[in-house]
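Hi there,

Here is the structure I promised to pass on to you. Have a look at it first, and then read on for what turned up.

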Amino acid sequence: MTARKSGSRLETEIERCRSECQWDKIPELVRQLSAKLISNDDLGELLQGECKLQTYLKENPIKQGASPRGPRPKLVEVRKHLTAALDRGNLKADYLQETSLLMAKLCYVEGEYRDALGHYNRVNLDDMQLVGAPVYRLSMIAEAYATKGLCLEKVPAASPSLSNKNTGSPASNRSTTDREQEIITCYEKSGDIALLYLQEAEKVCALSAGIQNRSPKPGPTAQDQELGYFLETGLQRAHVIHFKNGNLTHGVGRFREILRAVETRTTQNLRMTIARQLAEILLRGMCEQSYWSPLEDPPTVSPLDDPTRQGHTHSKNYSLSRLIMCENTEEALLLLLISESMANRDAVLSRIPEHNNDRIISLQSASVVYDLLTIALGRRGQYEMLSECLERAMKFAFEEFHLWYQLALSLMAAGKSARAVKVLKECIRLKPDDPTIPLLAVKLCIGPLHWLDEGECFGKIVIDMGEKAAEFRAKGYLAIGLVYSLKATDASLRSTQEDYQRKALGAFQRAQSLSPTDHLAAFYLALQLAVSRQIPEALGYVRQALQLQGDDVHSLHLLALLLSAQKHYHDGLNIIEMALSEYPENFNDSGRGSSLLDRAIADRRQLNAMTLPDFSDPETGSVHATSIAASRVEQALSEVASSLQSSAPKHGPLHPWMTLAQIWLHAAEVYISMSKPAEASACTQEAANLFPTSHNVLYMRGQIAELRGNIDEAKRWYEEALSINPTHVKTMQRLGLILHQLQRYSLSEKVLRDAVQVNSTAHDVWNSLGEVLQAQGNAAAATECFLTALELEASSPILPFTIIPRAL
């Protein structure tokens, strides 16, 4: 009786060690088993063979796609133990089955695939019971199915029709199809049973840990189960074959079945890998028309694969009934966000040499996830969300250029230009020989940020690279030229303006000489010559730019302005009409009072429904108005005023709303020229509803007040406009004229001279200054101003040349 209880406890301990893969304890337990008063010599042989085989595989792991033939010395001992257990036949039926499974596994390791299949056929795997089976036996059965599938792949089908395989006969095709289906079924059953085994093993480990915690005597802690080669193959091989055979529907279905299974600690890394692979399949191999929801049955007829193939289904899953995905991108995004969370949780950040390989693997895995997130979110234009995801990746990004560069690009696309420039600085440090990175930084500094000093520094970085920059060196000079050109526009002193214009002209000439086939170099050189009022030279270069790029809208626009500067209005109008026919939504080319604007004003509903391009300030052609600081002030004030007035918020990008406001202001100008103050006031009010404190709105209200004869009111509106934008030349001119009417000559002269300092080529301002000086009795100075105005007017375009955007 005592021996029976002792044997029962010993067998329980053996079963536990086999379930937890504690093979180092098995030899001692076998010695204890042999010393008992029960006859279990054959069981000892089985245990010793299993122990030595598992230890050998742990020390010599099988590599994917390689299984060298021939016995190894340690495997000879394994075969000796297993053969002894089988030959004597004293084992119970379950233990005999286990011995046969181990023998088949040994045959596979030794490369004897036919012998392994013979053992599996004698055991008949499909008849083995899973319900109530010990945990370790679930693992053995899962490995057996996987090993059988591997053997079937390596051994050709023993069929009479095999010799006719290349003949394309129906029997040959059926045999091949049946064989492939048998292989897939083996792998799918192996994967299903492997998941069941891992779930049950985790329960056993949790129960064992709970008992140890309650026991006053400390015991060993439970370890996570490790997936061996055979279990991994069973979990991953089925969908690979589906995809290899073109059965995308069944492959995706198999992915989803594995992901829906209850998660265990052992399968977390596998789950992340499968989720990433499924996301890649959904993004690259499946269109929206062929997509079906995970909660729906796969289509019976799919354009993706062969509908005659049937997959294997099982029911170890949890419900996703609260989550409904309608598109492949949505499911891919969910999978990638889950993968990202797991990658961040399991990140290896230690820099010590022992963890170097693990850290590299962790980084590579995370990088793949973030690259796929970039594809998924980029398709939807969700750059804000993408930048937030990549910010979380910065924990991996020490000295990793790829992640820094991805973050910089996402910040650029999300409109976070200031942060993007800071990230690009780090990218330049990591990759100092790449000229495209500082060029991207220049693009942001010139465009949305208007950081001209920083842009100049980045442009010089490209130029200083010399021959390393190759063809990008011309772009560097182009960037420097744009910086100097914008600095000339912003400068308040004429001497400073002329100095920057001279530098800009030299940089554009250098860019054009380095890249004579670049239409942008010729175009910006022409634009700078036009700003400097060198009209004939500018015409030559703009024609050269059009020869290189005949449909460039900005070159056509500049050509029209140059023709208007030469007073060839009919030719300029023909160019504008041609450009509008090619680019009907470009408002810069339409000019004031154009047919496009008239049609928009005629129907307000049509105006609100129009697709609007980027906003351009009527004087500078950039979103910065005359001053970047002024534009920020007026935007902030407009937001405050809008909130105080409880107006409806402006959804979406800001530029279309700014363009809409500008159209209303142009319409108001048309009505002012027609002496219709009521209509002009209505249009101005529409613009004010969008941007209540815009200096352009206040300027227009001042003009309306002038039209009505309210001089004091007009003066007040102009002063308010200048309080927001002190360098708005048109407002300064109108205020100077009003002060002239009020006979405040000294103050009027001061305002007009400031306006001339801001824009020395404004002929109407020079003319107004001459009138003020004449009223003061300063005839000589007035005559000089009138002559300057005449000279400038002779080369003055219908609109300022700076209305054309200057961007890299």
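How are α15 and α17 oriented relative to each other? Please keep in mind that this is a predicted model. Helix α15 covers residues 401-413 and helix α17 covers residues 436-449, and the two pack at an angle of about 20° with axes 12 Å apart. An angle under 35 degrees counts as roughly parallel, and α15 and α17 are therefore roughly parallel to each other. Their crossing is left-handed. On the α15 side, the residues that meet α17 are Phe401, Tyr405, Leu409 and Met412, and their partners in α17 are Thr436, Ile437, Leu440 and Leu444. Sorted by class, this contact of α15 with α17 has 7 nonpolar residues, 1 polar residue and no charged ones.

Helix α15 also packs against helix α16 (residues 417-430), where the axes come within 8 Å and cross at roughly 155°. That makes α15 roughly antiparallel to α16, since angles over 145 degrees fall in that class. The crossing of α15 and α16 is left-handed as well. From α15, Phe401, Trp404, Tyr405, Leu407, Ala408, Leu411 and Met412 take part, and they meet Ser417, Arg419, Ala420, Val423, Leu424, Glu426, Cys427 and Leu430 of α16. By class, the contact of α15 with α16 has 12 nonpolar, 1 polar and 2 charged residues. Phe401, Tyr405 and Met412 are among the α15 residues that meet α16, and they are also among those that meet α17.

Now to the cysteines. The count of disulfides comes to 0. Cys17 has 0% relative accessibility and so counts as buried. Cys186 is in no disulfide, and the nearest cysteine sulfur, that of Cys151, lies 9.7 Å away. Because its relative accessibility is 5%, Cys186 counts as buried.

With a relative accessible area of 15%, Ser365 is buried. Leaving aside neighbours within four places in sequence, Ser365 is in contact with Met272 and Arg276.

Finally, the overall picture. The protein chain has 35 helices and 0 strands. Buried residues make up 50% of its 808 residues. Of the contacts in the protein chain with a separation of 6 or more, 67% are between residues 24 or more positions apart.

Happy browsing, and do write back with your thoughts.

Best wishes

Note on methods:
Residues are numbered from 1 along each chain as its sequence is written. This is a predicted model: local features need pLDDT of at least 70, side-chain atom pairs count only at pLDDT 80 or more; totals for chains, interfaces and linings use all residues. Side-chain values use heavy atoms; hydrogens and water are left out. Axes are lines fitted to C-alpha atoms, for helices over the stretch in contact, and angles run from 0 to 180 degrees between N-to-C directions. Helices (H or I, at least four residues) and strands (E, at least two) are DSSP runs, numbered from the N terminus. Angles under 35 degrees count as roughly parallel, over 145 as roughly antiparallel, 65 to 115 as roughly perpendicular and the rest as oblique. A crossing is left-handed if the near helix is turned anticlockwise from the far one by less than a right angle, and right-handed if clockwise. Contact means heavy atoms within 4.5 Å. Ala, Val, Leu, Ile, Met, Phe, Trp, Tyr, Cys and Pro count as nonpolar, Asp, Glu, Lys and Arg as charged, and the others, Gly among them, as polar. A disulfide is a pair of cysteine sulfur atoms within 2.5 Å. Buried means under 20% relative accessible area, exposed over 50%, partly exposed in between (1.4 Å probe, protein chains only).
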